[in-house]
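Let's take a walk through a few spots in this model. Have the viewer open and follow along.

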Amino acid sequence: MIPATLTSHERHGRYPQALVVDDFRRNLAAVQARIAAACHRAGRDPAGVRLLPVSKTIDEARIRQAYAAGCRFLGENKVQEAHHKWEAMQDLADLHWSVIGHLQTNKAKLVARFASEFQALDSLRLAETLDRRLQLEGRQLDVFVQVNTSGEDSKYGLAPADVPGFIAGLPPFPCLRVRGLMTLALFSDDAARVRACFVRLRELRDRLRQQAPDGIGLDELSMGMSGDFEIAIEEGATVVRVGQAIFGARDTPDSHYWPAAGP
Ligand SMILES: *Cc1c(COP(=O)(O)O)cnc(C)c1O
């Protein structure tokens, strides 16, 4: 695992900027190789882990380089940024967008317009608004329920104890295809405490799967980022969301995405 508390200087040393197509090819291959190694350790088939490259803060020119290197699915934390990029890259018809950050209900209509996937569902009011907007657009959306497995106030998502009741309330929304659960682990250099977050999500999913309402799929576990995706895979991740290890270190502090997160 890569320590969560690297300084900006250390982060830039660890994750050099990818600027040209070959940089992206190399970084994607390196991450895929690490995914395969983690799967091997855990006795899992690498085909069961999807890599979602996270392109937040990355400009259009570099996203086009990543596309040329083979990226067809990109994750963005903020919906306006994602929508903007989607509009600018309409010519890349097979590029799909996944919104992975907290969403205010008043921005649901943007997600309904263009996103293929939304990984941060955390309220029934949002589910209802999304479903209504999707009906108007004639679209469906893959969704993940975000769970706060670290107990930190800075993290969005439902408390684990609230997830069963929440899932039971989702069948009335036919445009939402519920795929599984998503979490962000604790930001810590203590691998055991990071791992505990991933174990919590998997155990919750395993319990819920037995009682899931018809039509609610709970196969997927979206967990793991650049610093901790190998641990997440060892604990059952089916989607890993990786930004810096593909695109290079980011200067925007994580507190921009998770209010009150550490440096
Ligand atoms: C930015 C982000 C990631 C990826 O983080 P990296 O450190 O760039 O790998 C994963 N998940 C969410 C929700 C994010 O906002």
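The side chains of Ser150 and Glu152 are joined by a polar contact of 2.9 Å. This is a predicted model, by the way. Ser150 sits in the loop that runs between strand S5 (141-146) and helix H7 (163-168). Is Ser150 buried or exposed? It counts as buried because its relative accessibility is 17%, and the cut-off for buried is under 20%. Beyond its neighbours within four places in sequence, Ser150 is in contact with Lys155, Ala185, Leu186, Cys197 and Arg200. For a sense of distance, take Gly215: it is 65 residues from Ser150 along the chain, and the two C-alpha atoms are separated by 29 Å.

Next up is Gln119, which you'll find in strand S4 (residues 117-121). Its relative accessible area is 0%, so Gln119 is buried. Which side chains does the side chain of Gln119 make polar contacts with? One is that of Glu117, at 2.9 Å, and another is that of Ser222, at 2.7 Å. Here are those pairs together with the Ser150 one:

| Side chain | Partner side chain | Polar contact |
|---|---|---|
| Ser150 | Glu152 | 2.9 Å |
| Gln119 | Glu117 | 2.9 Å |
| Gln119 | Ser222 | 2.7 Å |

Ser222 also turns up among the residues that Gln119 touches once those up to four places away in sequence are set aside. That list also includes Leu52, Ser98, Val99, Ile100, Phe144, Gln146, Met182, Val239 and Arg241.

Now for Lys56. The UniProt record, an unreviewed entry, lists Lys56 under "modified residue: N6-(pyridoxal phosphate)lysine". In the model, Lys56 is in the loop between strand S1 (50-53) and helix H3 (60-68). It counts as buried because its relative accessibility is 5%. What does Lys56 contact, leaving aside neighbours within four places in sequence? The residues are Gly75, Glu76, Asn77, Glu81, Lys85, Arg250, Tyr257 and Trp258.

One of those contacts, Lys85, leads us to helix H4 (residues 79-88), where the buried residues are Val79, Ala82, His83 and Lys85. They share one side of H4, because the arc they cover around the axis is only 165°.

How values were computed:
Residues are numbered from 1 along each chain as its sequence is written. This is a predicted model: local features need pLDDT of at least 70, side-chain atom pairs count only at pLDDT 80 or more; totals for chains, interfaces and linings use all residues. Side-chain values use heavy atoms; hydrogens and water are left out. UniProt positions are given in the numbering used here, feature names are shortened, and annotations may be inferred rather than shown by experiment. Helices (H or I, at least four residues) and strands (E, at least two) are DSSP runs, numbered from the N terminus. Buried means under 20% relative accessible area, exposed over 50%, partly exposed in between (1.4 Å probe, protein chains only). Contact means heavy atoms within 4.5 Å. A polar contact is a pair of N or O atoms within 3.5 Å; within protein, one must be able to donate a hydrogen and the other to accept it, and residues adjacent in sequence count only if both atoms are side-chain atoms. The arc is that of the directions from the helix axis to the C-beta atoms.
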